[in-house]
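Visitor: I would like a tour of this fold, please. Could you take me through it step by step?

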Amino acid sequence: MLKATCTVLALLLLAIQLPELSSAKKARNGIKVKNFRLNSKKNLGRVLSIVSAVDLTLRFTHGRIGVIESSVKHLKRVNKNMMNRLKKMDKKVDNIMRIMRKVMKGDKPRIKPHNLSSFTICEGRAAKLACKAGQKMKIVQARYGRSNKRTCKGGPIRTTKCKATKSLAIVRKYCHGKASCVLRANNSVFGDPCFGTYKYLAVKYRCSK
């Protein structure tokens, strides 16, 4: 800004040099030097006024530019935040659309249960299920029998497709709505859905207030 002001001042001084030289020549030809000096002072005063006005204009412009730059930076930050929010919304919309497509096709969407705990008890054993203080159990799923060969390998396995029909009702009778309970995985409690196969009790539950 100072460089620009100095440049303007130099140009203005150069512009008044010619009238001053002309006035000096006329003074040598008989015109009074006093009038020449007065004219020079007036011209210098005008130059200083113009320079002052230019300087104020440049300062004002510089201030406006600073405000504009700050506004641009703020808009960039806002735009970045908006883009991040839009990306998150796009992901949510994609998930919803995926579920809707499955529903339209007749497929049942698999929604992962929230805070769901799993527990397995091998046949002939007992175990205690418990929630934290102030919480109670909600039994979501229970199965006494066998659905795979990986779980509880301590006995013969003749089939992997057996389940006691009243598994859920029996487990809910012992544990549903309680802070803790003891479950026993044996045929005397659930019956024998597949004779000659080593079974287990698989329970899924949720603790809540």
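Visitor: In what order do the elements of the protein chain run from the N terminus on?
Guide: Happy to start there. This is a predicted model, in which local features need pLDDT of at least 70, side-chain atom pairs count only at pLDDT 80 or more, and totals for chains, interfaces and linings use all residues. Residues are numbered from 1 along each chain as its sequence is written, and side-chain values use heavy atoms, with hydrogens and water left out. Helices (H or I, at least four residues) and strands (E, at least two) are DSSP runs, numbered from the N terminus, and read that way the order is α-α-β-β-β-β-α-β-α-β.

Visitor: What is the strand order in the open sheet of four strands?
Guide: Two strands pair if DSSP finds at least two bridges between them. Strand 1 and strand 6 pair in the antiparallel sense over seven bridges, with Ser-117 facing Tyr-205 in strand 6. Nine bridges join strand 3 to strand 6, also antiparallel, and here Tyr-144 stands opposite Leu-201. The pairing in this open sheet is antiparallel, and its order is 1-6-3-4.

Visitor: Which are the edge strands?
Guide: An edge strand here pairs on one side only. In the order 1-6-3-4, that description belongs to strand 1 and strand 4.

Visitor: Which residues of helix 3 are buried?
Guide: Buried means under 20% relative accessible area, exposed over 50%, and partly exposed in between, with a 1.4 Å probe and protein chains only. The face of helix 3 turned away from its buried side carries the exposed Ala-169 and Lys-173. In helix 3, residues 167–175, the buried ones are Ser-167, Ile-170, Val-171 and Cys-175.

Visitor: What covers the buried residues of helix 3?
Guide: Contact means heavy atoms within 4.5 Å. The cover includes strand 3 (136–146), strand 4 (162–163), strand 5 (180–184), helix 4 (187–190) and strand 6 (200–208).

Visitor: Where is Cys-152, and is this residue buried or exposed?
Guide: Cys-152 has a phi near 50°, a positive value in a residue other than glycine. Most residues other than glycine have a negative phi. Cys-152 sits in the loop between strand 3 and strand 4. At 12% relative accessibility, Cys-152 counts as buried.

Visitor: Which strand gives the largest share of the lining of the largest pocket?
Guide: A pocket is an open set of points on a 1 Å grid over the protein atoms alone, where a 1.4 Å probe fits, with protein on both sides within 12 Å along at least five of seven lines; lining residues have an atom within 4 Å of a point. The largest pocket is lined by 13 residues, with Gln-141, Tyr-200, Ala-202, Val-203 and Lys-204 nearest its centre. Strand 1 (116–122), strand 3 and strand 6 each supply at least two lining residues. The largest share, four residues, comes from strand 6.
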